[in-house]
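Me: Hi! I have a model open here and would like to talk it through with you. Could you take a look?

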Amino acid sequence: MDSLISRIYTILLESYGPQGWWPLGGAYFPQQEDPFEITVGAILTQNTSWKNASIAIEELRKKGLLSADRILATSHEELACAIRSSGYYNQKANRLKRMCRFFNHTARRRIAPTREELLAIRGIGPETADSILLYAYHIPVFVIDAYTRRIFSRVGLALENMSYDEAQELFMQNLPLDEGLFNEYHALIVRHGKDVCRKVPLCTYCVVAQENMCTYEKESSR
DNA sequence: GTCCAGGGCCTAC
DNA sequence: GTAGGCCATGGA
């Protein structure tokens, strides 16, 4: 574990400490471990801050809607109203219902969904599917998001020019196949992206990035 | 008032 | 195949 990718993980972990995302919960989901609730959260947080998504989850909980059967039995309007705080509530209500129909099916089989099965559900793309597999089912897949692309493009890995699957393969080839590591690394990338990378160039913060002639630094010196 | 957040789908070209 | 529009709230 000595690649640039693994070295950046070490630096982020030393800088921020463990983030305690799912299944440990973090600030919004203390001791959250239910795969269904994590799956709901993965859909509600699409292109939305986790804070707003978590408000919607609490609203679902208050209304007793945190089960596949209850969501399926609820009208679109009531469901959309409950998840209003997460934005895109009409779309997300439909996505939740589609996911619940599938979840009931797989729950009866008592096995984790496959990536292909999740991707076949309209409204679940690669990032959401991988988040569900990793955080709800502890399957070691690396989640690529906009922060990952932004941060690692700045250290010269050109993720912005790669497809999702290509970027994912790059990370998984350069890291041990470790679900706990993937869980923590993605959380650290999001933390760094939120707290620092939008305000301060990564290279001024990250020694590894400086060593690798950060492209952002070169661009901003022109 | 503007930008962004733990995306994904659809359409036009 | 890919760029652009759309979905939508809430906080900075």
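Me: How many of the ten residues of helix α2 (residues 35-44) are buried?
Reply: Seven of the ten, so α2 is largely enclosed by the rest of the structure. Buried means 20 or more other C-beta atoms within 10 Å of a residue's own, with C-beta atoms placed from the backbone. Helices here are DSSP runs of H or I, at least four residues, numbered from the N terminus. This is a predicted model: local features need pLDDT of at least 70, side-chain atom pairs count only at pLDDT 80 or more, and totals for chains, interfaces and linings use all residues. Residues are numbered from 1 along each chain as its sequence is written, while chains are lettered from A and ligands numbered from 1 in the order in which they are written.

Me: Thanks! Which residues of α2 are they?
Reply: Ile38, Thr39, Val40, Gly41, Ala42, Ile43 and Leu44.

Me: And what is Ile132 in contact with, leaving aside its neighbours within four places in sequence?
Reply: Thr39, Ala42, Leu118 and Tyr137. Contact means C-beta atoms, placed from the backbone, within 7 Å.

Me: Switching to DNA strand C, which helix gives the most to the surface near it?
Reply: Helix α6 (residues 89-109), with three residues. Near means a C-beta atom, placed from the backbone, within 6 Å of the strand. The residues around DNA strand C include Asn47, Arg84, Tyr88 and Gln91.

Me: Last one: which residues of helix α9 (residues 146-154) are buried?
Reply: Thr148, Arg149, Ile151, Phe152 and Arg154. After α9 comes Gly156, with a positive phi near 90°.

Key. Buried ≥ 20, exposed ≤ 12 C-beta atoms within 10 Å, placed from the backbone. Helix = DSSP H or I, 4+ residues; strand = E, 2+ residues; numbered from the N terminus. Contact = placed C-beta atoms within 7 Å.
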